[in-house]
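Please examine the structure shown below together with its sequence.

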Amino acid sequence: MSERVVVEAVTKPVFLGEGPHWATREHALYYVDIFQQDVHRFHPATGNHSTMHIEGGPVTLVVPHKTSTNTFVVSVGRDLVAVTWADPTKDCVVTSYSVLATVDAQHSENRFNDGKCDDSGRLWAGTMGNTDVYDEGPAHGGLYLLAHPGAPVELLNKVSISNGLAWSEDHHTFYYVDSSQLKVEAFDCDFQNARLGKRRTVFDYREAGLHPAFPDGLTIDTHGNLWVASFGAGKIHCVNPATGQLVRWVEVPAANVTSVCWGGPNLDQLYVTSTQKRLTKEQLVQQPHSGAVFRVTGLGARGRPPADCAIMLSNTRTP
């Protein structure tokens with residue numbers, strides 16, 4: 001490796017940072033603070049940091065729209081919505097938006113959690129109930145595909161906490177995390193028809209001795225390795241899904257890391273979100289950067305360009 005690994009906090013802390021997405025057209029990082037209902041934008045080259053506050057419910061994912069300028073697909077509670085941020089370099093408050101789809105009507109306490117667009121611009125997004133990783137209650141969430149407004153398709157049910165998503169480069173495998181299961185799983189994937197087939201475990205946190213840490217968000221590199229945010233461990237674990245082996249890990253000065261994505265001009269910088277959730281006052285003093293976004297360089301790995309959302313925005317409704 002030609003350079004040493006460097007981990008640095010590049011933003012101020014928020015309470016529950018999640019959902020990082022690198023916008024390649026802008027060379028900017030978007031992420032959310034779930035319960036503050038904020039979408040954040042960080043532009044590394046200029047240092048500009050701006051916030052869009054969205055009224056209506058927890059905000060858990062953000063993906064720029066591919067063809068509609070300054071339009072973003074965002075989750076608000078159980079809704080997937082299209083929202084306009086007139087000038088993403090400036091702070092704003094949004095009180096209206098267009099609803100693309102609503103799910104889990106039978107579980108009003110549910111909310112969306114992690115979500116990403118595939119290379120066709122379709123949005124895969126999962127939900128979770130009013131639960132925690134170690135609860136033994138029923139699994140009320142699901143995983144949904146949104147390819148057209150108003151018509152979400154349920155891909156998985158009986159999910160507790162829907163989290164990390166990624167696809168292999170050939171699209172034949174879909175990687176997924178239900179955090180309460182304490183493992184990273186893989187599905188055979190009929191990508192063209194967006195159908196999931198045989199399910200298998202590629203990495204088990206209990207068997208690896210990483211419990212009580214658990215897998216949260218993840219991403220994939222160009223070699224096919226998965227980089228998983230291990231909540232409670234203060235580490236990003238790199239796993240070879242073909243062998244199930246732990247390849248390496250990166251320590252982060254925040255115990256509760258939540259998600260990861262590749263960014264930077266060459267997509268060789270790993271951006272890591274984190275949270276202050278579950279930390280005591282004493283732990284927050286010891287980990288003052290908890291809740292910040294961290295940038296990791298020198299890994300000798302890189303990712304593929306992330307996909308923006310290509311869903312047509314007609315036939316939407318206003319809440």
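Student: What is the volume of the largest pocket, and which residues are closest to its centre?

Tutor: In this predicted model, the largest pocket holds about 460 Å³ of space. Its lining consists of 27 residues. Those closest to the centre are Lys116, Thr219, Arg304, Pro306 and Ala307.

Student: Which elements give two or more residues to the lining of the largest pocket?

Tutor: The contributors at this level are strands. They include strand 2 (17-23), strand 6 (62-64) and strand 11 (111-117). Also among them are strand 15 (162-167), strand 19 (214-220) and strand 23 (257-263).

Student: How do the residues of that lining divide into nonpolar, polar and charged?

Tutor: The lining of the largest pocket includes five polar residues and five charged residues. The nonpolar residues in this lining number 17.

Student: Which strands each supply at least two residues of the lining of the second largest pocket?

Tutor: The second largest pocket has a volume of about 360 Å³. Of its 24 lining residues, the closest to the centre are Arg111, Met128, Thr131, Ile161 and Lys277. The lining divides into nine nonpolar, eight polar and seven charged residues. At least two lining residues come from each of strand 11 and strand 19.

Student: Which strands stand at the edges of the open sheet of four strands, and why is one side of each left without a neighbour?

Tutor: The strand order in this sheet is 1-25-24-23, and the pairing is antiparallel. From one strand to the next, the twist averages 25°.

Student: Which residue in strand 24 stands opposite tryptophan 262?

Tutor: Strand 23 and strand 24 (residues 269-274) run antiparallel and are joined by six bridges. Opposite tryptophan 262, the residue in strand 24 is leucine 270.

Student: Which residue takes a positive phi in the hairpin of strand 21 and strand 22?

Tutor: Strand 21 (residues 235-240) runs antiparallel to strand 22 (residues 245-251), with six bridges between them. Asparagine 240 has glutamine 245 of strand 22 as its bridge partner. Four residues lie between the two strands of this hairpin. The residue that takes a positive phi, near 75°, is glycine 244.

Key
Residues numbered from 1 in each chain as written. Predicted model: local features only at pLDDT ≥ 70, side-chain atom pairs only at ≥ 80, totals over all residues. Heavy atoms only, no water. 1 Å grid on protein atoms, 1.4 Å probe; cavity = no way out; pocket = protein on both sides within 12 Å on 5 of 7 lines; lining within 4 Å. Points joined across faces, edges and corners; volume = space filled by probe spheres on them. Nonpolar A, V, L, I, M, F, W, Y, C, P; charged D, E, K, R; others polar. Pairing = 2+ DSSP bridges. Axes fitted to C-alpha atoms, helices over the stretch in contact; angles between N-to-C directions.
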